[in-house]
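Good morning, and thank you for coming. I would like to take you through one structure and discuss selected contacts in it.

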Amino acid sequence: MALGEQIEIDVRTRMIAGQELDMAARQPDVGNVIVHRAGDLLVLVDSGVTSVIRDAIRTAADDLAPWSKILLLTTHGHPDHVGNNDIITDLGKGLDKSNVHHFVSAHDASQYHDHGLPYWTTSLDRVSGLVPGFEDPSAATRQLLAMYQPYVPITDITRTYEELPLEHLAIGSQHMSGWSFGDGAVQVIRTHGHCAGQVVVHLPEARLLHLSDEPNGPCGAMHDANQMNIFAALAQALTLVETDAVDIVTEGHAFEVFDRPTAAERLSTLLDQAAALDGAAQALLSGGIDDLPAFVDAFVARSQALGVSGANPNPMFNTMMTIAKLRELGLVAKGKGPQQTWSRPVLDDSMGAPSSSVE
């Protein structure tokens, strides 16, 4: 599927397709964008990045006219989802400013400063010395983020979700917390798995659940990912699908629209893979691999054998995922680079119990 191609979900809802990351070709990954009209409200879920996506958003907005209000919801702060956020002001020209809104999570605020350099340097620092080309995390970050143009994540109308009163939301039999917009036409659900500010979006009229990047893989890679929250978000989504509360599921980096049977299969697979991946890491730790590069190689090989690739199966993200798994298992790091050591915290020296370690 080509970048910017539109998939019609129903007469009022479109998905604009993104693309995969190709670092060798200097091609940025681009998150899918959802465009939906609810009455006189135009809803954009993310804005992607690149001028191709920007033009596609304008086309979809024109196709779904007429509308007199516009709402942009940012699912999280990564550059592949926010580069065109200033399109909200372009589309809102001629409208009363009170009818043009953009919301982001306060938990992702640090990602918008200095083009996200501090945030991404923190994550890439964890793979320094383990992946060729990432010996200098700051330089690698600048090279990576230079691919994402244009990059205008916030404007003078941008506000945070957390400024609004938190609401009790119900979808079918499931209860969750978040915020609603357009008299309930849009529901934003807090999940905070893929990164600290991650949210997912439910469009009741389209019976669509947009999971953004929560399904990117059974194990998150970023330094602020929460593995338990990823699992919980996927499990809750599966329950919504299995109880017929939603008919359509979309994601940030799967360039297709999932109906209930295919969504159930995909979500079940991700949950099974999460358990299998945990077991693989435990087996490797008990197998006595005593240096970190060897553990990374073995864990990535096990992951690939299990069919676990994530949205961007490249050495950088594979290594970041490995480090995230070690943290999830409670291991503590000492040092940096390939010489760093990871070990389980000692609970009681007097017990004399051996501890697993990776050096």
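This is a predicted model: local features need pLDDT of at least 70, side-chain atom pairs count only at pLDDT 80 or more; totals for chains, interfaces and linings use all residues.

Side chains of opposite charge can pair when their charged atoms come close. A search of the whole structure finds 15 salt bridges. One of the pairs found is formed by aspartate 247 and arginine 207, whose closest N and O atoms are 2.6 Å apart. This pair links distant parts of the chain, 40 residues apart: aspartate 247 is in the loop between helix H6 and strand S13, and arginine 207 is in the loop between strand S11 and strand S12. Aspartate 247 is partly exposed at 28% relative accessible area, and arginine 207 is partly exposed at 30%.

The loop between H6 and S13 also holds aspartate 244, while arginine 260 lies in helix H7, so their pairing ties together parts that are 16 residues apart in sequence. The side chains of arginine 260 and aspartate 244 meet in a salt bridge at 2.6 Å, N to O. Arginine 260 counts as partly exposed at 32% relative accessibility, as does aspartate 244 at 40%. Elsewhere, salt bridges link Arg54, Asp55, Arg58, Asp86, Asp90 and Lys93 in a network.

I turn now to the aromatic residues. The structure holds five aromatic pairs. In one of them, tyrosine 161 and tryptophan 179 have ring centres 5.3 Å apart and planes at 20°; planes under 30 degrees apart count as stacked, so this pair is stacked. Tyrosine 161 lies in the loop between strands S7 and S8, and tryptophan 179 in strand S9, so the pair ties together parts that are 18 residues apart in sequence. Both tyrosine 161 and tryptophan 179 are buried. These two residues belong to one aromatic cluster together with Phe103 and Phe181.

A further stacked pair is that of phenylalanine 295 and phenylalanine 299, with ring centres 6.1 Å apart and planes at 5°. The two phenylalanines are four residues apart in helix H8, which means that about one helical turn separates them. Phenylalanine 295 and phenylalanine 299 are both buried.

How many of the six residues of strand S3 are buried? Five of the six are, so strand S3, residues 33-38, is largely enclosed by the rest of the structure. On one side of the discussion is strand S2, which pairs with S3 in the antiparallel sense over four bridges; here isoleucine 16 has valine 33 as its bridge partner. S3 also pairs with strand S4, again in the antiparallel sense, over five bridges, and arginine 37 stands opposite leucine 42. S3 and S4 form a hairpin with two residues between them, and glycine 39 in the turn has a positive phi of about 65°.

Thank you; I would be glad to take questions.

Terms used
Residues are numbered from 1 along each chain as its sequence is written. Side-chain values use heavy atoms; hydrogens and water are left out. Buried means under 20% relative accessible area, exposed over 50%, partly exposed in between (1.4 Å probe, protein chains only). Two strands pair if DSSP finds at least two bridges between them. Rings of Phe, Tyr and Trp (its six-membered ring) pair if their centres lie within 6.5 Å; planes under 30 degrees apart count as stacked, over 60 as edge-to-face and the rest as tilted. A salt bridge is a side-chain nitrogen of Lys or Arg within 4 Å of a carboxyl oxygen of Asp or Glu.
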